[in-house]
Amino acid sequence: MKRRMTLLTLVFLLAAPFCIGMIKDGFAADAKKQYKFVFIVKSMQFPFFLNMIEGAEEAVKLMPNVSLKCVGPETPYSVEEQMQLVEQAITDGVDAILIAPADSKAIVPAIEKANKAGILVATPNTKAYGGNILTWTGVDNYQVGFELGTALCETIKGKGNVLLIEGTPGNSTSEERVHGYKDAFKKYPEINLLDSQPANFNREKGMVLMENWLQKYKKIDAVGSINKDMTMGAVEAARLVGRDKEMVQITFDVDNDALEALENGSILLTGAQNERSQIALAMSACYLALNGYKVPPVQYLPLSLVYKKDVPQYRTKK
């Protein structure tokens, strides 16, 4: 089923520029109408979401009658501020809200308000657990966790003490990746999961969590994480007490920090999820839907595992 969905997504990706071209050339019923989109991220400070914003700003250039505003909470991962931003978008009379929810459940009332106002809602990267969502775009986050967890276990030959750094409770990306990791661990009877706790996708909290674990556990063979920012904090905590060479660190997402950590051996592997394409695809879906086209409700993008040998190709990409 996932393979079929992937193929459908590829077909849509290939067809989207053609459809947009049709709209631009006057095939749409109201080609002169101006549309307003707002993109609400989880944080305006974290590189991952800044990269998504860059992707959105590039994508909107392909949609000449669309204006785009990118916003996020002042407090990273504040769902309360995200809800306020949704309400402001409703007041502003936007045509589409694209939002990566900080909390997949708590955001639902705000989405339902947008639904009642007749505004399209798409959720790139992170799912919402309710409301009428036009489309979700992203990687299979369960598969992310499962593949990372399997790689971790294979690296330490299926035996050892491991730790897992979770994201924010209630966030779909965190919950699905954690589930995948733990299912992978279950395949290896000699893997001992010492602990699994959240660090809220935050570098400083990842560091504090790792400091506590380093005091509690005398032997740590590997640390899995669902997010690069938390991993960088964990790596620094281990380095400061001279235990960084003791353990393997595995994480997710690609940016300059992650690439440098791969090159210097601080982490063994990370994963790429094509976040710029996630937002571009969600925006395209909204644009097409506003012009009468049907779009798929779920759109998967490929997951890539990234090792040290792969760094050069990612150095040349945004």
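Predicted model: local features only at pLDDT ≥ 70, side-chain atom pairs only at ≥ 80, totals over all residues.
## The four-stranded sheet

The model contains an open sheet of 4 strands, in which the pairing is parallel and the order is β7-β6-β8-β9. Its edges are formed by β7, spanning residues 190-198, and by β9, spanning residues 248-250, each of which pairs on one side only. Between neighbouring strands of this sheet the average turn is 20°, with direction ignored.

Strand β8, made up of residues 222-225, runs parallel to β9 and is joined to that strand by 3 bridges. Within this part of the sheet, G224 has I250 of β9 as its bridge partner.

## Helices on the sheet

Helix α7, which covers residues 203-216, packs on the sheet and touches β6 (159-166), β7 and β8, while its direction makes about 140° with that of β7. Helix α8, covering residues 228-240, lies across β6, β8 and β9, and runs at about 165° to β9.

## I165 in strand β6

I165 belongs to strand β6, and its relative accessible area of 0% places this residue among the buried ones, since buried means under 20%. When neighbours within four places in sequence are left aside, the contacts of I165 are Q197, A199, L209, W213, V223, G224, S225, I226, M230 and A234. G224, which is one of these contacts, is also the residue whose bridge partner in β9 is I250. The C-alpha atoms of I165 and V178 are separated by 8.5 Å, the two residues being 13 residues apart along the chain.

## Aromatic pairs and cluster

The structure holds 8 aromatic pairs. In one of them, F48 and F49, the ring centres are 5.0 Å apart and the planes stand at 85°, so the arrangement is edge-to-face; both of these residues are buried. F49 also pairs with Y77, with ring centres 6.1 Å apart and planes at 75°, and this pair is therefore edge-to-face.

One aromatic cluster is formed by F46, F48, F49, Y77 and F201. The ring of F201 has the charged end of K42 sitting over it, 5.4 Å from the ring centre. Elsewhere in the model, K127 lies over the face of W136, at 4.8 Å from the centre of the ring.

## Packing of α3 and α4

Two packed helices are described by the angle between their axes and by the distance between those axes. For α3 and helix α4 (residues 108-116), the angle is about 5° and the axes are 9 Å apart. Because angles under 35 degrees count as roughly parallel, α3 and α4 are roughly parallel to each other.

Methods. Residues numbered from 1 in each chain as written. Heavy atoms only, no water. Pairing = 2+ DSSP bridges. Helix = DSSP H or I, 4+ residues; strand = E, 2+ residues; numbered from the N terminus. Axes fitted to C-alpha atoms, helices over the stretch in contact; angles between N-to-C directions. Contact = heavy atoms within 4.5 Å. Phe/Tyr/Trp six-rings, centres within 6.5 Å; stacked < 30°, edge-to-face > 60°. Buried < 20%, exposed > 50% of the residue type's maximum accessible area, 1.4 Å probe, protein only. Lys NZ or Arg CZ within 6 Å of the ring centre and 35° of its normal. Parallel < 35°, antiparallel > 145°, perpendicular 65-115°, else oblique.
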